[in-house]
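Hello,

Here is the structure I promised to pass on. Please load it first, then read the notes below.

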Amino acid sequence: MTYQPGETRHTFEETPRQAIREDMRIEARQSNNTVAWIVAAVVAVVAIIAVAFMVGTAGREDAVTSEDLTAVAEQARAQGLIEGAQSGYNAASAQAQASYNTAASNAQIAADRAAAEARAAAAETRAATERARAEAAESLNEAADAAPVSEAETSPYPQ
C-alpha cells in the first residue's frame, strides 16, 4: 500500500489497540504572482487589437479591375510555361539516363562477346600449334626410323 499526500496515515505501536492517528497535510503555499497576470493581460490586449485591425481592414479592399485580372492571367500563363519546361526537362533527363544505361549495357555485351571470341581463337590457335608440333614430332620419328640414305641416292645428277 502506498501513501498518498493528504491521506490519513495510521501507525501502530507495539500493541495494536493503541493506534496513533496522525494527520499529515501538505499545504501548498500560494503566492500572488503579479508578473504572470500582467503578461496574460498584455497578451489579451494584443489579441484584441489584432482582431480589431483584421475586422477594420476587411472592408477596405479595392474592387478588382480588369488590369488585375489580366496580370493574374499572365502570371498563371508564365507559371504554366515554366512548369511545362520543367516537365519536359525531367522527361528528357529520364530518357537520356535510360539511353545511357542501354548504351552501356550494349557496350558491355559487345565487349564480353569480343573477349569470348578472342578466347576461342586463342584456344583454336593453341590446338593448331599442338597438332603441328605433334605432326612434326611424328615426322621426325618416322625419319629417324627410316633406313639411312646413301650418297648415291641423294645425288641430284645421274652417274
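This is a predicted model: local features need pLDDT of at least 70, side-chain atom pairs count only at pLDDT 80 or more; totals for chains, interfaces and linings use all residues.

Residues are numbered from 1 along each chain as its sequence is written, and side-chain values use heavy atoms, with hydrogens and water left out.

Overall layout

The chain has three helices and two strands. Their order from the N terminus is β-β-α-α-α. Both kinds of element are DSSP runs numbered from the N terminus: helices are H or I with at least four residues, strands are E with at least two. Helix α1 covers residues 34-58. Helix α2 covers residues 66-145.

The chain has 159 residues, and buried ones make up 0% of them. Buried means under 20% relative accessible area, exposed means over 50%, and partly exposed is in between (1.4 Å probe, protein chains only). The accessible surface of the chain is about 14,800 Å². Carbon and sulfur atoms account for 58% of that surface. Areas come from the Shrake-Rupley method with a 1.4 Å probe; for residues, only the protein chains shown count as cover.

Contacts

How many salt bridges does the structure hold? There are two. The criterion is a side-chain nitrogen of Lys or Arg within 4 Å of a carboxyl oxygen of Asp or Glu.

- Glu-74 pairs with Arg-77 at 2.5 Å, N to O. Both sit in helix α2, three residues apart, about one turn of the helix. Glu-74 is partly exposed at 43% relative accessible area, and Arg-77 is partly exposed at 49%.
- Glu-130 pairs with Arg-133, with the closest N and O atoms 3.1 Å apart. These two also lie in helix α2, three residues apart, about one turn of the helix. Glu-130 is partly exposed at 44%, whereas Arg-133 is exposed at 54%.

Thr-65 is in the loop between α1 and α2. Its side chain makes a polar contact with the side chain of Glu-67 at 3.3 Å. Such a contact is a pair of N or O atoms within 3.5 Å; within protein, one must be able to donate a hydrogen and the other to accept it, and residues adjacent in sequence count only if both atoms are side-chain atoms. Thr-65 has a relative accessible area of 35%, so the residue counts as partly exposed.

Surface patches

Patches take residues with over 30% relative accessible area and no salt bridge; like charges are joined within 9 Å, nonpolar side chains (Val, Leu, Ile, Met, Phe, Trp, Tyr) within 5 Å.

Val-51, Phe-53, Met-54 and Val-55 form a nonpolar patch, with about 450 Å² of accessible area together. Met-54 lies in helix α1. Met-54 counts as exposed because its relative accessibility is 54%.

Glu-135, Glu-138, Glu-142 and Asp-145 gather in a patch of negative charge. Asp and Glu count as negative, Lys and Arg as positive; His and the chain ends are not counted. Each charge is placed at NZ of Lys, CZ of Arg, CG of Asp or CD of Glu. Glu-142 lies in helix α2.

Best wishes
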